Amino acid sequence: MRRFLILLLVIFGFSFGEMKAPEFSLKDEDGKVVKLSDLKDSVVLLNFWATTCHSCRKELPELEKLYQQYKDKVKFYAIVIDTEDPQKIKKAKKEIGFSFPVLIGNYQVMEKYRIIGTPITYILGKDNTIGKIFIGPQPIEKIKEAIDKQLQKQGA
């Protein structure tokens, strides 16, 4: 029943209040390990994407604009779910046109974050609580609004 309620909340984009984001430990495209717990005290944007996803290829350059605007206040990570090949990831980043770090996803993180397709974007507060989840491509203004809300809420 709890999973069903969470799914409904995710589908309709409700705010999650104090629900903690699931912990993860993932390698980035350069082999460095990034843990969610290490990102505490920062607002975090996690964008789950695939190299073959056309919507992702349109959304990521828009997220790059937000990254350039907020990179001193918000940690941005694109979590790729369809390849572990660092060269393929770097090639895709160049083709698509974004520069923020990529983490290499796995089945466990996909399951924890309920990834049912791409793109899916999570906005997390400084205490790693889920502020907002966006399923599918979104107007950049909506994502900016969710980031601003977390920054304001967190006193950043």
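Leucine 36 lies in the loop between strand S2 (33-35) and S3, where helices (H or I, at least four residues) and strands (E, at least two) are DSSP runs, numbered from the N terminus. This is a predicted model, in which local features need pLDDT of at least 70 and side-chain atom pairs count only at pLDDT 80 or more, while totals for chains, interfaces and linings use all residues. Residues are numbered from 1 along each chain as its sequence is written, and side-chain values use heavy atoms, with hydrogens and water left out.

Q: What average pLDDT does the protein have?
A: pLDDT is the predictor's confidence in each residue, from 0 to 100. Over residues 11-16 the pLDDT is below 50, although this stretch has 12 contacts in the model beyond near neighbours in sequence, a contact meaning heavy atoms within 4.5 Å. Of the residues, 87% score at least 70, and the protein averages a pLDDT of 90.

Q: Is leucine 36 buried or exposed?
A: Leucine 36 touches Ala21, Pro22, Glu23, Phe24, Tyr113, Leu124 and Asn128, leaving aside residues up to four places away in sequence. Buried means under 20% relative accessible area, exposed over 50%, and partly exposed in between (1.4 Å probe, protein chains only). Because its relative accessibility is 1%, leucine 36 counts as buried.

Q: In what order do the five strands of the open sheet stand?
A: Two strands pair if DSSP finds at least two bridges between them. S3 and strand S4 (residues 74-80) pair in the parallel sense over seven bridges, whereas strand S3 (residues 43-49) and S6 pair in the antiparallel sense over five bridges. The pairing in the open sheet is mixed, and the order is S5-S4-S3-S6-S7.

Q: Why is one side of S5 and of S7 left without a neighbour in the sheet?
A: The open sheet has the order S5-S4-S3-S6-S7. Strand S5 (102-104) and S7 each have a single partner strand, so one side of each is left without a neighbour, and both stand at the edges.

Q: Which residue in S7 stands opposite leucine 124?
A: S6 and strand S7 (residues 130-135) run antiparallel and are joined by five bridges. Their hairpin has five residues between the strands, and asparagine 128 takes a positive phi near 65° there. The residue in S7 that stands opposite leucine 124 is isoleucine 130.

Q: How many of the residues of strand S6 are buried?
A: In a regular strand the side chains alternate between the two faces of the sheet. Both faces of S6 are covered, with Ile120, Tyr122 and Leu124 buried on one side and Thr121 and Ile123 buried on the other. Strand S6 (residues 120-124) is thus mostly covered, the number of its buried residues being five of five.

Q: In S4, which residue is the bridge partner of leucine 45?
A: Six of the seven residues of S4 are buried, so this strand is largely enclosed by the rest of the structure. In S4, the bridge partner of valine 44 is lysine 75, and that of leucine 45 is phenylalanine 76.
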